[in-house]
Amino acid sequence: MKTIISINNLTKSYGSIKAVDSLSLEIAQGEFFGFLGPNGAGKTTTIRMLTGIIEPDNGEIAIAGNAYPNLKPILHLIGVVPESRGFYEWMTAKEYLLFFAQLYSISNPHKKIDELFGKVNLSERKNSAIATFSRGMKQRLTLARALINNPKILFLDEPTLGLDPQAQEEIQNLLKQLNQNGVTIFLSSHQLNEVSNLCSRVAIVNKGRMVVQGTIAELQKKTNLEGSTLKDIFLALTNNNHV
Amino acid sequence: MFRNIWLKELKEQLYTWKGTLWLVISSLTFSLISYLLLTDKELSLLDQTEMMWMLAKVIISIGLLIVSIDASSIISNEFEKETAESLFLSPIKMKDFVSGKLLASLTLWLLIFIVSIPYILVTSAGTKLFFPFFYYVFLLGSLGVFGFIMLIFAISLLFRSSKNTLTTSLVVLLALFIPSLFSTTLKNNSFALALGKVNPVDNIFSSLDNVLVDYQTSLFHNGQFILPLALFCLITLMFLVYATKRFKQAGVVKNG
Amino acid sequence: MDDIKRLLMLGVLGSLLILSMAYAYAENQTINQPLTLRILSEKTLSGTAGDFATVKAQINNSGLQPLNDITTYISLVDESNKMPVDLEDWSAEKGLFIGTIDAGQALPLNWKIHFVKAGKYSLIIVAEITGQEIPQVSGIVHFTVNSKRNLNPGQVLPVALGTPIVVLFIMLLLNYKRNSSKSS
């Protein structure tokens with residue numbers, strides 16, 4: 001299958017700390033890719049480099065045929081649920097999505113927004129101020145914003161963090177559906193069950209370095225932990241660092 | 001795309017009551033000053049042109065102060081409230097981001113100026129100085145505010161903190177205002193004269209004096225004050241361009 | 001005979017005394033009398049507080065000799081309070097210096113004054129000639145400064161009260177429009 005995301009020897013340091021250290025991986029078009037690692041492993045930094053928010057010190061990035069440093073064109077192809085979840089709280093949910101729809105120059109934005117509110121189950125609260133939203137509602141709104149430009153690739157940094165099980169399942173179903181429709185998904189999560197259920201392939205990073213990557217079956221084989229869960233593999237490979 | 005940023009900022013000013021507060025404060029200050037100037041026994045003994053000069057200085061000073069306070073947070077808030085990352089993940093260009101915000105701050109000045117028009121009308125009633133009063137307050141105020149906004153935005157992009165930006169901006173504003181309030185007898189040495197020539201606040205006040213007190217209303221007669229102001233804007237623009245480059249190098253999110 | 005001699009002697013002495021007194025009086029007159037000061041703008045001085053006016057005067061040397069180093073200045077008394085007025089705010093040009101005034105020459109003197117406060121005033125002009133003990137003074141001119149009718153209190157009050165209210169009303173209206181469109 002055609003490679004849509006390619007990283008080679010990616011490195012980023014903050015002072016003497018190497019946040020990402022010679023990371024290399026390839027993700028195929030239409031793949032649901034899980035990106036795992038303990039806190040401070042460099043997951044968010046990697047996503048931020050891939051989406052052009054921060055610049056790498058070294059290495060190569062290529063996304064949908066666009067190579068670093070010319071990553072600006074990918075902004076029309078990608079949707080991102082970032083780690084920082086700030087909102088313009090004075091806006092209503094509808095005003096918020098409309099603002100981003102206008103930044104993407106979406107034609108017929110009102111129709112698109114109504115469709116997205118239906119998808120993330122926020123139609124009833126679309127005219128409410130974001131300040132009145134619960135954490136889960138805000139998460140769903142972030143996902144709706146990430147989908148506003150019909151992205152080919154979705155980068156998700158902890159998209160279900162802090163959600164109740166029902167809301168988690170709703171979002172997981174939506175992600176599955178998107179992936180079935182051909183959207184490539186790069187999912188960074190601490191919810192190992194979620195990753196096991198959704199992802200076709202997984203990479204585990206620790207202290208900025210790639211530890212292992214492959215399907216869950218391949219990981220079990222590589223770690224000699226046949227029959228074990230993703231959580232067992234993860235704990236074994238990250239020296240029992242807490243998830 | 002800067003239009004979207006500009007409209008977002010204007011709506012925020014309106015719907016969060018920030019803008020309302022600023023405009024009402026400006027209006028109350030102008031009310032107080034013009035009422036005192038025109039009715040207080042001592043102040044009303046001033047020549048009418050001196051009253052106009054005093055009100056013109058108040059309008060521009062209030063405009064500079066309010067716009068500076070507001071501009072100090074308009075960029076930094078995007079970082080402090082963690083909205084910058086989402087914003088820069090959309091296909092927005094840095095120049096659209098900065099120019100949209102710049103236009104929003106200038107609009108606040110424009111609104112303050114519009115609020116001041118009834119006071120300009122009342123104070124200049126019976127003189128032939130309404131139009132010079134009107135357009136020189138607008139021209140000099142706009143140049144001053146434009147320069148200050150660019151300076152504050154540059155500081156904001158370097159610091160990314162509204163508290164630090166506000167403190168620095170107010171210190172700069174005070175440092176420029178205080179010498180301009182000295183009487184002419186304190187400005188007789190060469191250092192004070194040179195400082196006066198380059199100080200944008202001094203140039204604004206001197207030009208207003210030239211127009212309203214000395215009736216030198218042509219642009220030609222005020223070129224000596226307007227040119228240094230334009231130069232101030234050019235220097236702050238260069239500083240803003242430099243700060244924008246530094247910001248891009250550091251990345252939207254520091255220590256990501 | 002002796003009586004006649006005595007009377008003659010007394011007459012001569014008396015005449016000498018009268019002559020010397022007349023000479024002394026005449027000499028004194030040649031020092032002070034030739035310089036005269038006159039305020040010309042007596043009728044145009046009255047005005048309203050805040051107005052500017054020009055005090056026009058004339059200094060005249062009617063003597064036979066030129067006079068040098070003359071300083072002239074105005075002096076103002078507030079008649080209501082019986083106090084001299086501090087001229088700080090009234091006039092930027094307090095004194096005028098005349099280097100030489102030729103014999104028979106008349107020179108104009110002008111002071112621009114600002115009527116700072118309403119009241120009744122008296123004005124004189126004084127001239128001092130260097131080296132002489134007694135100054136020359138003009139006649140007193142009385143004038144009235146009328147109190148200032150406030151510029152336009154009838155206009156400023158509605159503006160001062162109305163503008164903040166209008167601003168607040170417009171902002172409330174815009175917010176109301178937004179809230180009603182949210183609920184629809």
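Predicted model: local features only at pLDDT ≥ 70, side-chain atom pairs only at ≥ 80, totals over all residues.

Visitor: How many aromatic pairs does the structure hold over all chains?

Guide: Rings of Phe, Tyr and Trp (its six-membered ring) pair if their centres lie within 6.5 Å; planes under 30 degrees apart count as stacked, over 60 as edge-to-face and the rest as tilted. The structure holds 23 such pairs over all chains. In one of them, Phe113(B) and Phe138(B), the ring centres are 5.1 Å apart and the planes at 50°, so the pair is tilted.

Visitor: Where do Phe113(B) and Phe138(B) lie?

Guide: Helices are DSSP runs (H or I, at least four residues), as are strands (E, at least two), numbered from the N terminus. Phe113(B) belongs to helix 6 (residues 94–123) of chain B and Phe138(B) to helix 7 (residues 130–159) of chain B, so the pair ties together parts that are 25 residues apart in sequence.

Visitor: Is Phe113(B) buried or exposed?

Guide: Buried means under 20% relative accessible area, exposed over 50%, and partly exposed in between (1.4 Å probe, protein chains only). Phe113(B), at 3%, counts as buried, and Phe138(B), at 34%, is partly exposed.

Visitor: How is the interface of chain A and chain B described?

Guide: The size of an interface is often given as the accessible area lost when the parts come together. Buried area is that loss (1.4 Å probe), summed over both parts. Chain A and chain B bury about 2400 Å² between them, 63% of it on carbon and sulfur atoms. In chain A, Ile53(A), Trp90(A) and Leu103(A) lose the most area to chain B, together 30% of what that side buries.

Visitor: Which residues form a salt bridge there?

Guide: A salt bridge is a side-chain nitrogen of Lys or Arg within 4 Å of a carboxyl oxygen of Asp or Glu. The rule finds one across this interface. Arg48(A) forms a salt bridge with Glu85(B), their closest N and O atoms being 2.8 Å apart.

Technical notes:
Residues numbered from 1 in each chain as written. Chains lettered and ligands numbered in written order. Heavy atoms only, no water. Buried area = accessible area lost by both parts, 1.4 Å probe.
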